[in-house]
Amino acid sequence: MQQALIEKYGEARLPRYTSYPTAPGFSPTVGAGTYGDWLSALKPGADASLYLHIPFCRSMCWYCGCHTTITQRDEPILDYIDMLRKEIDLVSRTVGGRPKIRHVHFGGGTPTIMQPEEFRDLVGLMRARFAFTAGMEIAVEIDPRTLTPEMAAALGDAGVTRASLGVQSFDPVVQKAINRIQSEAQTAEAVTRLRTAGVQGINFDLIYGLPHQTVQSCIETAKAAVAMRPERFAVFGYAHIPSFKKHQRLIDERALPDAAMRIEQAEAIAETLAASGYVRIGLDHYALPGDGLALAARRGRLHRNFQGYTTDACTTLIGFGASAIGRTPDGYIQNEVPPGLYAQRIASGRLATVKGYRLTAEDRLRAEIIERLMCDFRVDVVTIAARHGFDSAPLVEGNGRLAALKEDGVIDVRGGTVTVRQDHRFIIRAVAAAFDAYIDRSARTHSKAA
């Protein structure tokens, strides 16, 4: 039965559902003017989160699916940060009231590619323009290979509470195949520097499905990572999309594992982390039992956004930088992707928004159903539909995808509540897709599901 399900669902091209509707549905009909109206309409003192995209790295990792630019010079980074500061000023003048900031996330690229003083100044500017709240989280994605003692100290000085370190794999054969050589010692040294600076929340990112990766090497990487005792892990499946990310053509496709092997690798990592005391959260996150993410999952308060599983319940996410995606209660927006075009728009005094999506009442209903499935593996469709003013019957009855999943033994449906069976949670995205009204459109543009 398990093999049959892997063959049926394992290679499906499905979204990761970090938003709903997903990015392929964004349209140029929602532009800078619309976003400006949405920002102006925010209630004074509304809770919000901030996301800053730093799209620069010193070298290209061949597996990377992010929007990033390789540079050995600091000038392009300095010019970009100048535009970022201008965008922060522009947005802060446009937004209604002064939002209370609960979370800040620096993504990349490599956010710590900037100089320490530049980072301090950037955080200081945001503190001046927005109302940072007590106990808020500031998270930064980090490449351990380039983290200097000075930058670690700057992160601590700026109030960073959480650092996400890219590990991927410690197997030297895999590292060579993906152009990312990173020793255990480098990673451990970065962790020590961060903790010494006062950054106590440490996340590790691991990847399975990489070229030449084996179940055993996945286990060995997980064990080595556990020895450094990060509070959280995010374990992602490599998405091979060389037609979209041309640098991925440097990866030998013949060395990539098939769907069954990918699932076996993912479960081997999961079992290793569980045996070391980590709690499995949602599809691909793990945390120590006392960590805030584990507590949120236990209390049914887990959420999902563009950074994955989170404790962030804010319905407003203000994105800064090239390609950054944001959200307000009205809908989603995305900035210009190429840094040069982004800079041109900001320099001209305009918001950098080039596309987005205006949410409908039905979108909000389906988004909540999908989020609860992705977070809890269970959803009470009747209760959620009633809260949104909808009849639940059309969502459950006559739902062909849902019926097929039930027939295959993946889910149980009782009284309008859908529950994913414990041993079939690895295909949760197929269950979420049963409630996606736009799935045929998004499936054509998303990479292979992990």
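**A guided look at the fold**

Guide: Welcome! The protein holds 17 helices and 19 strands, where helices (H or I, at least four residues) and strands (E, at least two) are DSSP runs numbered from the N terminus. This is a predicted model, in which local features need pLDDT of at least 70, side-chain atom pairs count only at pLDDT 80 or more, and totals for chains, interfaces and linings use all residues. Residues are numbered from 1 along each chain as its sequence is written, and side-chain values use heavy atoms, leaving out hydrogens and water.

Visitor: What percentage of the residues is buried?

Guide: Buried means under 20% relative accessible area (1.4 Å probe, protein chains only). Of the 450 residues, the buried share is 56%.

Visitor: Which residues of helix H2 are buried, and which elements are among those covering them?

Guide: Helix H2 spans residues 32-40, and its buried residues are Thr34, Tyr35, Gly36, Trp38 and Leu39. Their cover includes helix H3 (75-94) and the strands E13 (317-320), E14 (325-328), E15 (331-335) and E16 (353-358).

Visitor: Which residue caps the N-terminal end of helix H15?

Guide: Helix H15 covers residues 400-407, and Gly409, with a positive phi near 80 degrees, follows H15. At the N-terminal end, a side-chain oxygen lies 3.3 Å from the backbone nitrogen of Arg401, and the capping residue is Asn399.

Key. Buried means under 20% relative accessible area, exposed over 50%, partly exposed in between (1.4 Å probe, protein chains only). A polar contact is a pair of N or O atoms within 3.5 Å; within protein, one must be able to donate a hydrogen and the other to accept it, and residues adjacent in sequence count only if both atoms are side-chain atoms. Contact means heavy atoms within 4.5 Å.
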